Amino acid sequence: MAMTSVAVAQPRTPTPPVRPGTPARPTAAPARPARPGQPTGLAAQVTPVAAPEPPPPPPPPPPPPPPPPPFRVAITSGINGQFSPLVCGDSPTAPAFATIAGQLAAEPDTLAFDAGDLLGPSAITRLTVQHDVDAFTAAIAASGIRVMAFGHRDLSADRAPIVAGLRALRARNLRHVLSNLHCDATHRELCEVVEDADDTPVLVDSPSGRVAVISMVDPSALPLLARDRAAGLTLDPLDEALPRAVTAARTAGAAHVIVVIDPRARHELEQALTLADLFEAAEGPDAIVVHDLPAGTGSVHTARSGVPIVATRPGNALVLEPGAARVARAARAGTAPEGVTSFVNSTRQWLCTTYSQPMPGGHLSADLTRDQFAGLLLDVLRDRAEADVAIINRGAVRQPTGLFPLHGNVTALTIAAALPFEDSLHVARVTGAVLKALATSARADGFYLRGVSDDGTKINGRLIDDAQQYRIITTGFVATGGDGGVGAGVEYQRFNARSLQDTFLAWLNIPRTGDITEAPSDPADHTRWNFRWTTDVGFTSTTIAANPFEGTGLRYDVPQLSRAQSNNLRIDSLVRADADNPYFTWDNGLRLQYGRASVTPSPTMAAPSPATGPFDENLDLISYNTAFTWRWFRGDRKWFHPLPVALGFVETEIDGPPSPRNPDYHHLTLRPTVGARFELLERMTLNLTAGMNWQEALAPSQVAGSKAEFAIVGSLVARPGTLFTIGGRNIDGGFSVEYTLSDPGNSDSQIVRASGRLSIPLFQPLQLTLGYDLFARTVNGQAWGLGHDTTIGLRIAFSRSVQLF
């Protein structure tokens, strides 16, 4: 039986060529010896069938997607309409807008928001919007800012240009947000261009998800606005509006929420912490950005919610990265985009060409610093409004690099640079006490005060009168409480329809020669009239009843029931009209004293029930004092420098006293004298004069004092004013002591008159008063006759001042 063998041909592997110098490798491995019983040779080899290959391994899982870029936003603030340099010439300082745009360009991976007051009440905003609104909005878009908060300074701006600018920005899908604002039906123009409390949340797409921007202004800002700016607007309380707005933003699909807060003045950090703690942990916004936090505050976290509170950096951008170890940092410096720089340069060129011409009344003889410029502005306001005092907050007068000191001429561009925030003007009448409190308060450093001395003791060089009324002029910002305002309870009226800047520009447009700092009328150089009227009223009544005699004595022999019955009425009225001029003073006082009394004698055994006496006149005097002083020496005057003075005194009565001694004449005293006055203190003067005295000018010749006699008069006068303060109440007082010697060497008639008043205010215009009057006379060495009047009663007091210009 023949065997059959199957051979499986294997493919031949070609032998690689041998390189020169390289030993040839064997072409086949040596044959292994055959096992016993195993056939040898090729024909005897059997090739097994190969096993199936294992399945290939599964493909590796796809790599995880890259993590989203970190959530990062850039927050700008403090631009306030600074879109162009306002100083013409070489190397102008870049405006805040260009600086911030450069910082945003250096942070390409950030989403940019503005924290508010981008436009502000700026003259440059108004001019640029009116000049070329398209270029204006294109520059904002080129800066990279996507959404803008609407701040309290934006609210205070002239409404028409602000609305026009916002409408143009809105057309480019650049939105302004004020999330707690409401407008009534008659003032809808603002809410039509601002995303307000009645609109859906503003969401912006970003690589990290959709971002909501919420902006809120504290309602306390509304009273600080001019009335026409605040009309029709309301702001929801922040503690109510903020949680509602955050919830609405999350519901609308916001992955991140950024909140911008324009807080209540002087409570910024406290309010921010309170608002952050309205939220539970992980439920609040990603960050709360707050204006005007205390210096040195960068960012803080609240213990409850963990929401970071971050301070803005006015005039710069900051970068926020919520959740990072460092939440906020300053933005990097960079170069502004071409669209921004071209707008800045073209705007500057247009402003310098149009508004840098010298004004007809703006010539300067010497350089003018910022403080001197503010003084000139306030002098102009006093001149225009005929006011005693002008007040403006220091923040209203700016000092851009290169502007001050001014020299040569003032231009309209100068005014726009130094006074960038347009505001209205308001006038009011306030008491000297209010002005003194402001001038001596810690807030005084935040104001320019013109007309009030630093120590609060003088107004226009004259001693301040706490009860007197003074006319002031100030801005709408101050009038409505800005920086604390002037004082409580002051009622303001709008002064003309012009703004602060327009009023100043109108004055500078009047051609004049000489230095303009000397052109405004200074109230200190003109007469000031002070008018005061006081009336003291006192009434006493004593009535005794049911206390007849029993036996030899009264039933009740006690002082309270054994005195005389009486009724007394006394009126003491004083009208003063005093003129104060740098060259003279003229003091005038007219006093009316009148009283009636009815007396019932004490009961006696002979008359246990005495009859009541008539209600007779017991006081009837009218007196007039006048004093004219010439201030011939206006230098550094000392108390011992005499000032020429002329005094006049007249005393009479309504009708004659019921006395048989002088039934034939009416009492009339005339006494003109001249001499010297010594101003011992601000309110105290010593007068030494000589002249003539008619003690009884209408009496018959046989009556002593009926003839004119030579007289020497000395008087010490302390004009009425505040003596001290108790519990916030000014205790006022004044006195006069006068000695007259008539006909010396003959009759030696001597008269002493003294009068003093102390008043304690109860409520305007009522005061509690204590008064004392003394009249004493002796003739020919006889004993002195004395008359005293002590009164306690109520006073009605009014005062008014008129400053002449």
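**Exercise 1.** Leaving aside neighbours within four places in sequence, which residues is Arg-753 in contact with (heavy atoms within 4.5 Å)?

*Solution.* Start with the list: Arg-753 touches Phe-649, Glu-651, Arg-671, Gln-695, Ser-736, Val-737, Glu-738, Leu-774 and Phe-775. A quick note before going on: this is a predicted model, where local features need pLDDT of at least 70, side-chain atom pairs count only at pLDDT 80 or more, and totals for chains, interfaces and linings use all residues. Residues are numbered from 1 along each chain as its sequence is written, and side-chain values use heavy atoms, with hydrogens and water left out.

Next, pick out Glu-651: its side chain makes a polar contact with that of Arg-753, at 3.3 Å. (That term means a pair of N or O atoms within 3.5 Å; within protein, one must be able to donate a hydrogen and the other to accept it, and residues adjacent in sequence count only if both atoms are side-chain atoms.)

**Exercise 2.** Is Arg-753 buried or exposed?

*Solution.* Arg-753 has 13% relative accessibility, so it counts as buried. The cut-offs, with a 1.4 Å probe and protein chains only, are under 20% relative accessible area for buried, over 50% for exposed, and partly exposed in between.

**Exercise 3.** How many bridges join β29 to strand β30?

*Solution.* Strands here are DSSP E runs of at least two residues, numbered from the N terminus. Strand β30 (residues 643–652) runs antiparallel to β29, with 8 bridges between them. Within β30, Thr-652 stands opposite Ile-622. Now turn to β28 (residues 584–600): 14 bridges join it to β29 (residues 616–630), again antiparallel. There, Arg-591 has Ser-623 of β29 as its bridge partner.

Methods:
Pairing = 2+ DSSP bridges. Helix = DSSP H or I, 4+ residues; strand = E, 2+ residues; numbered from the N terminus. Contact = heavy atoms within 4.5 Å.
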